[in-house]
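Reader: I am new to this structure and would like to learn how to read its helix packing and its pockets. Could you take me through them one feature at a time?

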Amino acid sequence: MKVEIVTTGTELLLGEILNTNVQYLSRKLNSMGFDVLYHTTVGDNPARMKAVLEHALERADIIITSGGLGPTRGDITKETVMEITGTDSYLDLDTWGRIDAYIRKRTGRAPSENNEKQAYVPIGAEILQNEVGTAPGLWLDYNGKIFILLPGPPSELMDMCEKQLWPRLLQRFADHGIILSRTLHLRGVGESRVAEILDDVIMHQSNPTIALYARYGEILIRMTAKAADSAAATALLDACEAQVREYVEEYVYGVDDASLAACLGQELLAQGKTIAFAESCSGGLASSLVTDVPGSSEYLVGSVVSYTNKIKNKLLNVQQETLDRYGAVSRETACEMAIGVRRIMGSDLGVSITGNAGPSASEGKPVGLVYIAVATEDVVYCQEHRFTSTRTENKLRIALAAISMAIDKLKEERQKA
């Protein structure tokens with residue numbers, strides 16, 4: 001079954017909010033075996049919305065919309081679908097009762113007249129009740145196609161899908177097969193090199209298919225299999241993964257939801273070691289990523305955000321002479337930061353980050369110049385990096401590079417032992 005997802009709202013086109021609904025819907029639908037072939041976003045304009053939905057009818061079997069079901073004049077998704085399908089509406093008293101009860105419970109007041117608009121339902125549509133908001137969802141069959149209208153707020157959309165839409169879809173299309181994906185996470189290698197290594201495998205792919213992605217300093221290899229059932233799809237993925245690993249095993253650090261921070265935690269736990277961070281230009285982001293992993297208190301001792309030279313000197317014991325002679329953005333300062341945080345925290349490893357994330361040069365040092373150091377009991381390692389993205393993206397890349405370097409040095413220490 002071919003699916004098109006149509007998200008509505010001028011705020012999406014303006015970039016004011018992130019379109020997380022598309023990501024959620026696509027992932028779930030593909031995992032259930034539906035082919036999501038198109039994503040379309042349209043503003044709150046009746047003529048453009050009608051054109052988009054009519055085009056979707058021509059090329060998809062199921063059209064899923066999100067947004068435009070609210071009580072205002074700008075919420076026009078339901079009305080546009082009714083115009084296309086030539087459907088009248090009626091006031092569904094059960095839905096109106098639910099809306100009334102929800103608003104009174106939340107606000108202590110009666111709903112406004114505008115809310116009544118949400119309780120009008122196209123004749124013949126199946127209602128998907130909203131348990132965490134006011135706008136009901138709708139399922140409308142039309143000339144062998146299906147319109148599915150979902151609310152825009154992500155919490156409402158996801159609750160409605162999990163409790164009502166997905167069970168209905170699976171029941172309706174029980175024999176349409178299944179699509180499963182698996183993702184390998186690689187580090188320490190570039191996208192072009194992976195593409196070169198896997199060129200023959202990729203060129204001869206059919207089912208599963210293989211796709212490569214670069215993301216913040218890591219490479220993702222996504223394998224997608226389609227089969228009659230989950231067991232058959234899993235078997236296809238197992239065989240594909242084994243083939244891919246023959247070529248890139250040395251770079252693989254995790255599967256599916258793996259993260260560099262989780263990989264670091266696993267290595268620290270395996271060696272019974274602890275870690276501490278001293279961060280300047282990354283602003284504590286590396287430490288934050290590490291603490292996103294449950295159980296990180298077992299190995300993360302603490303961190304210092306040493307954003308100024310004063311803190312580098314007073315807390316981390318970076319020598320004033322070092323700061324005066326080499327500056328904050330230097331190999332020498334990074335090394336002393338790593339040694340200092342390791343000593344004051346009493347950790348096995350000390351990791352430091354100092355640099356210029358942008359947007360302008362400082363101390364005569366260019367934007368994107370960063371030094372990352374890892375101190376152990378016996379030695380200090382330091383790497384120079386050059387990052388060329390925006391300030392926000394640079395910070396993330398810097399934090400991930402520091403975590404990756406810590407993993408490398410831990411493994412090197414393990415091999416020495």
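This is a predicted model: local features need pLDDT of at least 70, side-chain atom pairs count only at pLDDT 80 or more; totals for chains, interfaces and linings use all residues.

Reader: How are two packed helices described, and what do the names and axes stand for?

Author: Two packed helices are described by the angle between their axes and the distance between the axes. Helices (H or I, at least four residues) and strands (E, at least two) are DSSP runs numbered from the N terminus, and axes are lines fitted to C-alpha atoms, for helices over the stretch in contact, with angles from 0 to 180 degrees between N-to-C directions.

Reader: What is the hand of the crossing of α2 and α6, and which residues meet?

Author: A crossing is left-handed if the near helix is turned anticlockwise from the far one by less than a right angle, and right-handed if clockwise; α2 passes α6 in a right-handed crossing. Where contact means heavy atoms within 4.5 Å, T20, N21, Y24, L25, K28 and L29 of α2 meet P154, L157, M158, C161, E162, W166 and L169 of α6. By class (Ala, Val, Leu, Ile, Met, Phe, Trp, Tyr, Cys and Pro nonpolar; Asp, Glu, Lys and Arg charged; the others, Gly among them, polar), this contact has nine nonpolar, two polar and two charged residues.

Reader: At what angle do α10 and α15 pack?

Author: α10 and α15 pack at about 25°, with their axes 9 Å apart, and that makes α10 roughly parallel to α15. Their crossing is left-handed. Among the residues that meet are L260, L264 and L268 in α10 and I403, I407 and L410 in α15, and the contact divides into 10 nonpolar, two polar and three charged residues.

Reader: At what angle do the axes of α3 and α4 cross?

Author: The axes of α3 (residues 46-59) and α4 (residues 77-85) come within 10 Å and cross at roughly 55°, and the two helices are therefore oblique to each other. α3 passes α4 in a right-handed crossing.

Reader: How much space lies in the largest pocket, and which residues are closest to its centre?

Author: On a 1 Å grid over the protein atoms alone, a pocket is an open set of points where a 1.4 Å probe fits, with protein on both sides within 12 Å along at least five of seven lines, and lining residues have an atom within 4 Å of a point. The largest pocket holds about 1200 Å³ of space; of its 33 lining residues, R27, T183, R215, R222 and D257 are the closest to the centre. β9 gives the largest share of this lining, six residues.

Reader: Which elements give two or more residues to the lining of the second largest pocket?

Author: The second largest pocket, of about 350 Å³, is lined by 26 residues, with E11, G67, P151, G152 and P153 nearest its centre. The elements that give two or more residues to this lining are α1, α2 and α6.

Methods: Residues are numbered from 1 along each chain as its sequence is written. Side-chain values use heavy atoms; hydrogens and water are left out. Grid points are joined across faces, edges and corners, and a volume is the space filled by probe spheres set on the points. Angles under 35 degrees count as roughly parallel, over 145 as roughly antiparallel, 65 to 115 as roughly perpendicular and the rest as oblique.
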